[in-house]
Amino acid sequence: MSTFSQALINGIALGGMYLILVLGFSIIWGVMGVINLAHGEFVMVGAYLAWVANEWLGSDPFLVVLPVFFILAAFGFVLQRILVNRVIDRPHLVSLLVMFGVSIILQNAMKLIFSADFRRNDTVLDGAWSLSERVSIPVTKFMVLLVALAVLVALHQFLQRTRTGKSIRAAAQNREAARIVGIDINKVYAITFALCLGMTGVAGALISPILSVQPFQGPPLTLKAFAITAMSGLGSVKGALGGAMVLGIIEAMLALYVDKIGTNLAVVASFVILVAALVLRPQGLFGGLRPVDATAS
Amino acid sequence: MGILGSIAVFVGVAAAIALTLVGLALIPQRVRRMVGIGLGAVILVGLIVLPLLEHTTNSELFTLTLLLTTVGVSINWNLTGGFTGYVDFGHAVWFGIGAYVTGILMSLQTNGLGIGWPFVPSLIVASGVAAVMAALIGRATMRLKGPYFSIAMLGTFVAMREIVRVSEPLTGGGVGLTLPPYQNRPLFYYVQLGLVVALLLFTWWLRGTRFGSTLVAIREDELGAEMRGINTTRNKVAVFTFSGFSTGLFGGLWAYQNTFIDPDIAFVEVRTIDAVMGTMLGGLGTVTGPVVGSAFLFLLRELIWANFLDWHLLIQGLLLIGIVLFLPKGMIGVLDPRTTSISSLWSKYFGSETVDVHTGTSVMDALEDDDTTAMAVSADEVAVSAEAEGGQ
């Protein structure tokens with residue numbers, strides 16, 4: 001029983017990591033209809049920023065969350081203006097290929113700058129709190145979970161309460177109608193993209209003490225974000241929480257109960273979840289801003 | 001060759017290609033076809049004679065063999081991505097499966113699991129396995145449309161690499177497998193040259209058959225094709241299976257020549273990227289486009305980017321964005337009225353129509369009746385053209 005509760009705790013902690021990871025991806029897709037294939041690469045950039053801060057300034061990854069947010073948000077704003085805006089009204093595949101190009105560029109730019117070595121970030125929030133002899137809470141992941149929940153609440157309030165948040169939701173629901181009532185769609189998209197990239201960068205900074213930082217860590221993360229979004233529904237903030245927890249717990253159970261190879265099987269699990277969710281329940285388990293219309297033609 | 005020398009050679013090649021394309025665009029279509037065939041024949045004779053020349057080294061032959069591999073994979077990718085319109089972002093998975101099954105069968109002895117197989121039977125079984133996997137996976141993933149199919153295939157690719165990595169007793173895990181060494185560069189060169197030519201002729205023939213027209217009909221209007229009684233699933237999966245089979249073949253050939261495979265070199269994203277980019281540069285859904293485009297990209301990399309090896313993927317990413325935004329029809333595509341551009345391909349699935357959040361239905365549904373009529377009409381045209389072309 002204690003092994004099971006340990007796996008459950010690990011899974012929830014891992015789910016926190018996935019929650020902060022998936023929010024940006026899900027909202028960009030839900031609001032702008034752009035599948036951000038470079039999502040994992042933006043996470044990686046955030047992780048490298050945190051690593052640089054740690055290496056040069058000795059700063060803890062949890063302390064650089066805000067600077068990383070603003071750097072990536074500025075980057076996102078510029079990228080939206082010069083590139084994403086051009087493809088947003090075009091078919092999905094154009095934006096998909098363009099973001100694929102961005103991901104190749106970022107991977108190799110980071111490889112040129114930092115080499116392909118695996119980097120690891122340190123944090124003082126390390127170790128484990130033991131609850132009993134065989135059950136303990138991994139501190140770093142637990143802290144990430146807390147930050148992720150704080151971001152989730154803040155984001156939810158922002159989308160529900162503020163005027164900008166409301167116009168973002170309006171743009172997601174009906175672009176034309178939003179335009180008619182006087183919402184500046186381009187501005188809304190720029191803000192959305194900046195906000196989401198900022199959150200994605202924060203995710204990178206937070207997971208840098210957990211996963212090794214390296215230029216090619218992106219694609220599996222993108223795949224996981226995709227799987228969670230397919231489960232939780234596009235742009236659904238609450239759904240993201242559910243989907244992230246489901247994936248985290250499944251992965252933790254696999255890691256615990258399947259000897260040695262369980263961690264590698266995690267990627268396989270995300271893939272199975274992804275296809276199953278797209279085929280069986282395209283609207284997501286928790287309902288979203290709009291359905292993932294995967295089999296409609 | 002120094003950097004300047006290789007740049008000069010490349011600029012020469014590029015200028016020659018550009019002049020040829022402009023020249024071809026200026027002459028009437030019937031003459032153009034004859035000139036095209038003539039050019040192809042000259043290049044083919046050149047490629048056949050090349051190994052017989054005195055100063056051709058083995059390493060140059062190996063480079064050309066790799067070029068032929070890239071071209072072959074691009075032709076296969078074009079069968080699903082270009083003809084059927086199902087853009088596969090994980091095509092390299094079939095290459096990896098072909099390479100790995102070949103490797104596993106040939107190195108059974110060293111792994112202590114039995115007697116190692118000879119190469120040819122291993123290769124046949126390997127492509128067979130790739131075909132069966134493509135048929136099984138295709139049946140699930142080809143139900144998804146547009147970007148969802150692309151992502152599901154990307155997932156297949158990433159997942160398969162991990163499966164190979166964890167199946168350690170069979171695949172050697174992350175350490176990889178060493179195949180019995182055998183070096184005969186000219187033999188493999190000719191085998192692959194023959195394969196690529198056969199594949200090209202096959203594609204050309206296929207495009208004219210009823211099956212080929214069916215594939216294009218699926219790309220242009222899948223629902224319409226279905227309404228005309230075409231079993232779209234069977235046709236899609238059939239071409240996907242062939243594509244997997246053929247790519248698996250190239251994978252097995254590559255594995256034997258490379259004599260070493262591990263998950264990270266057998267399942268490498270670059271192979272998919274090369275196929276997608278080569279095909280798009282040449283012209284999506286054209287017969288010769290993938291050959292021209294991917295050969296061009298390969299030479300570009302060998303001649304220029306070899307001097308900036310670290311930069312080449314970065315440049316490739318920029319180039320991909322450039323092609324998508326500014327040359328959506330590709331080099332051959334601008335010459336051929338029958339092709340499609342990537343943007344027209346997806347607009348019918350995911351046009352800029354807006355979706356109502358509560359019902360999940362499209363605003364366009366109000367016009368449903370008109371849409372259905374339009375759909376039936378276009379389906380009619382597709383069927384008529386399929387019959388006309390099938391009868392040729």
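Close-up 1. B:Y189 is buried, at a relative accessible area of 0% (buried is under 20%, exposed over 50% and partly exposed in between, with a 1.4 Å probe and protein chains only). This is a predicted model, in which local features need pLDDT of at least 70, side-chain atom pairs count only at pLDDT 80 or more, and totals for chains, interfaces and linings use all residues. To find your way around, note that residues are numbered from 1 along each chain as its sequence is written, that chains are lettered from A and ligands numbered from 1 in the order in which they are written, and that side-chain values use heavy atoms, without hydrogens and water. Over all chains, a search of the whole structure gives 22 aromatic pairs (rings of Phe, Tyr and Trp, the last by its six-membered ring, with centres within 6.5 Å; planes under 30 degrees apart are stacked, over 60 edge-to-face and the rest tilted). The ring centres of B:Y189 and B:Y190 are 5.5 Å apart and the planes stand at 65 degrees, so this pair is edge-to-face.

**Close-up 2. A tilted pair, B:F202 and B:F242.** Here the centres are 4.7 Å apart, with 35 degrees between the planes. B:F202 belongs to helix α8 of chain B and B:F242 to helix α11 (residues 232-258) of chain B, so the pair ties together parts 40 residues apart in sequence (helices, H or I of at least four residues, are DSSP runs numbered from the N terminus). B:F202 is partly exposed at 26%, and B:F242 is partly exposed at 26%.

**Close-up 3. A nonpolar patch that includes B:Y190.** B:V45, B:I48, B:V49, B:L52, B:L53 and B:Y190 make a nonpolar surface patch of about 510 Å². Patch residues have over 30% relative accessible area and no salt bridge; nonpolar side chains (Val, Leu, Ile, Met, Phe, Trp, Tyr) are joined within 5 Å, like charges within 9 Å. The areas come from the Shrake-Rupley method with a 1.4 Å probe, and for residues only the protein chains shown count as cover. Helix α2 (residues 29-49) of chain B gives the largest share, three residues. B:Y190 itself sits in helix α8 (residues 185-208) of chain B and is partly exposed, at 31%.

**Close-up 4. Helix α13 of chain B and its surroundings.** This helix (residues 269-282) has 14 residues and reaches 20 Å from first C-alpha to last, close to the 20 Å expected (1.5 Å times one less than the number of residues). Because 12 of its 14 residues are buried, α13(B) is largely enclosed by the rest of the structure. One of the buried residues, B:R271, lies over the face of B:W254, 4.9 Å from the ring centre (for a charge over a ring, NZ of Lys or CZ of Arg is within 6 Å of the centre and within 35 degrees of the ring normal). Just after the helix, B:G283 takes a positive phi of about 140 degrees.

Close-up 5. B:R161 and B:E269 form a salt bridge, with their closest N and O atoms 3.1 Å apart (a side-chain nitrogen of Lys or Arg within 4 Å of a carboxyl oxygen of Asp or Glu). B:R161 lies in helix α6 (residues 146-166) and B:E269 in helix α13, both of chain B, so the pair ties together parts 108 residues apart in sequence. Another salt bridge joins B:R165 to B:E162, at 3.4 Å. B:E162, B:R165 and B:D264 are linked in a salt-bridge network.

Methods:
Helices (H or I, at least four residues) and strands (E, at least two) are DSSP runs, numbered from the N terminus.
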